[in-house]
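The following paragraphs guide a new reader through one protein model. Please keep the sequence and the three-dimensional view at hand while reading.

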Amino acid sequence: MGRFALVALWVASLGCRAHFDELPPTDGGGSEGEVDPSLAHVNLAAGWKIRVYRDFSEQFTYDATDFVDGTETYDNQPSTLEFLSAPFPDELVVSAGRSLLELTDTAYRNRTYGSHAPDTAGLPDSLRCPQLVADLNGMPGILVSSSSLSNGDGTFIVRSDFGITLDKTVNNTRCAIWDADGTFDGRGTAEAYLATNVGLQRRSDGVNINTADHETIAFNPSRTEMIVSRYDATGEMMDLISIASGGHAETMLAHSTFNVSVGSGALAGTNGWATIDLQKLYTIGDGTLTLVAESTDADWLLHAVGTPPAGHVLDVTPNGTAYLVESNRTLDIDRILLLEKI
């Protein structure tokens with residue numbers, strides 16, 4: 001089951017979203033301090049500025065019915081992102097249904113992985129959480145998850161030519177995270193963890209370290225802690241949880257009536273990113289959340305966020321950089337916002 005694909009349900013749920021702390025209005029200042037009217041709906045915390053990095057609306061075609069799998073309908077909403085580097089181009093890659101979108105400030109390419117029937121064994125359905133891995137079965141690649149009603153699920157590997165092959169068949173893999181040297185839990189060798197509807201599963205041996213229904217997952221910079229979003233026991237609410245290595249002690253960070261998503265990377269001095277209710281963007285500290293940006297217009301949705309690795313071509317400010325996937329389905333707009341810490 002791929003609950004994250006139902007954007008129409010997300011939008012309908014905005015009326016009952018949880019309320020967290022709020023920011024004072026800002027003018028949506030651009031990179032040179034000018035006012036960008038297309039960002040008037042974004043409020044920022046003090047010490048930040050924002051601009052549109054790339055509007056790819058003209059190149060991208062949104063499809064609310066990308067494919068139908070039994071009782072579930074999947075769209076191709078651009079969502080999670082990753083920062084690529086050699087042997088890939090230095091660019092952003094964004095998951096969008098059965099496609100990965102390659103983006104720079106000027107370039108766009110849609111790498112699509114099929115119009116095949118859903119649940120076709122060995123072929124992906126709804127892609128999620130691309131992650132660049134330096135050594136993935138002996139060579140660099142992008143580890144990406146796939147989820148749908150039944151088959152077409154698991155993890156897939158995308159190589160530098162953007163060809164895709166099946167990695168692991170694990171039902172309802174919503175996201176995956178890579179631990180290059182097994183720091184988390186002291187594994188001592190490369191390991192990945194899969195966020196599924198029946199727990200956080202180790203890629204190497206299929207063991208679940210818990211049995212909750214997970215959506216997204218990321219590590220803190222030291223890989224001593226996982227940050228996850230998952231459904232509570234009712235299946236209608238979502239929690240933001242930190243999970244410590246070793247004994248897997250859990251700390252509740254937030255509880256929402258709507259949607260919680262973990263971002264990739266982290267600013268210096270923080271443990272990661274989270275978007276809550278598709279309206280508010282937070283940095284994650286030690287048991288705390290700090291509001292950075294919020295949308296004041298229910299039509300403008302904040303999806304995934306990420307911080308590029310230090311030294312990456314997209315790491316454009318020494319104080320902190322973040323890229324945010326934003327959409328407005330009423331206006332049919334999809335774009336990447338760039339937040340810079342002043």
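**Aromatic pairs and the fold around them**

Across the whole structure, a search finds 10 aromatic pairs. The model is a predicted one, and every value given here is computed from it. One of these pairs joins Phe-184 and Tyr-193: the ring centres are 5.5 Å apart and the planes stand at 80 degrees, so the arrangement is edge-to-face. Phe-184 and Tyr-193 are both buried.

Tyr-193 also takes part in a pair with Phe-219. Here the ring centres are 6.3 Å apart and the planes meet at 90 degrees; because planes over 60 degrees apart count as edge-to-face, this pair is edge-to-face as well. Tyr-193 belongs to strand β14 (residues 191-196) and Phe-219 to strand β16, so the pair ties together parts of the chain that lie 26 residues apart in sequence. Like Tyr-193, Phe-219 is buried.

Elsewhere, Tyr-53, Phe-83 and Tyr-323 come together as one aromatic cluster. Aromatic rings also meet charged groups. The charged end of Arg-98 sits over the ring of Phe-67, at 4.2 Å from the ring centre. In a second case, the charged end of Arg-329 is placed over the ring of Tyr-62, with 3.9 Å to the centre of that ring.

The chain as a whole may now be considered. It contains 1 helix and 26 strands. Its radius of gyration is 18 Å, close to the 20 Å that the globule rule gives for 342 residues, so the chain is as compact as a globular protein of that length. The C-alpha trace spans about 50 × 45 × 40 Å along its principal axes. Of the 342 residues in the chain, 57% are buried.

Where is empty space left in such a structure? Rolling a probe the size of a water molecule over the atoms shows this. The largest pocket has a volume of about 1,100 Å³. It is lined by 47 residues, and those closest to its centre are Glu-82, Ser-264, Gly-265, Thr-307 and Pro-309. Which strands contribute to this lining? At least two residues each come from β5, β9 (126-136), β13 (173-179), β16 (213-219) and β24 (300-306). The greatest contribution is that of β9, which gives 6 residues to the lining of the largest pocket. By class, the lining comprises 29 nonpolar, 14 polar and 4 charged residues.

The backbone deserves attention next. Most residues other than glycine have a negative phi, and most peptide bonds are trans. Several places in this model depart from that pattern. Ala-86 and Pro-87 are joined by a cis peptide bond, with omega at about 10 degrees. Pro-87 lies in the loop between β5 (78-84) and β6 (91-96).

Two residues other than glycine have a positive phi. In His-248 the angle is near 60 degrees, and this residue is placed in the loop between β18 (238-244) and β19 (250-256). In Leu-278, phi is near 55 degrees; this residue occupies the loop between β21 (272-276) and β22 (280-284). Is Leu-278 buried or exposed? Its relative accessibility is 2%, so Leu-278 counts as buried, the limit being under 20%.

Thr-330 is located in the loop between β25 (321-328) and β26 (333-341). With a relative accessible area of 59%, Thr-330 is exposed, because the term applies to values over 50%. Thr-330 and Asp-299 are 31 residues apart along the chain, and their C-alpha atoms are separated by 6.6 Å.

Leu-267 is also a loop residue, found between β20 (260-262) and β21. At 6% relative accessibility, Leu-267 counts as buried. Between Leu-267 and Thr-296 there are 29 residues of separation in sequence and 24 Å in space, C-alpha to C-alpha.

Val-325, by contrast, is found in a strand, namely β25. Its relative accessible area is 1%, and Val-325 is therefore buried. The C-alpha atoms of Val-325 and Gly-306 are separated by 9.1 Å, the two residues being 19 residues apart along the chain.

Notes: Residues numbered from 1 in each chain as written. Predicted model: local features only at pLDDT ≥ 70, side-chain atom pairs only at ≥ 80, totals over all residues. Heavy atoms only, no water. Helix = DSSP H or I, 4+ residues; strand = E, 2+ residues; numbered from the N terminus. Buried < 20%, exposed > 50% of the residue type's maximum accessible area, 1.4 Å probe, protein only. 1 Å grid on protein atoms, 1.4 Å probe; cavity = no way out; pocket = protein on both sides within 12 Å on 5 of 7 lines; lining within 4 Å. Points joined across faces, edges and corners; volume = space filled by probe spheres on them. Nonpolar A, V, L, I, M, F, W, Y, C, P; charged D, E, K, R; others polar. Phe/Tyr/Trp six-rings, centres within 6.5 Å; stacked < 30°, edge-to-face > 60°. Lys NZ or Arg CZ within 6 Å of the ring centre and 35° of its normal. Rg over C-alpha atoms; globule rule 2.2 N^0.38 Å.
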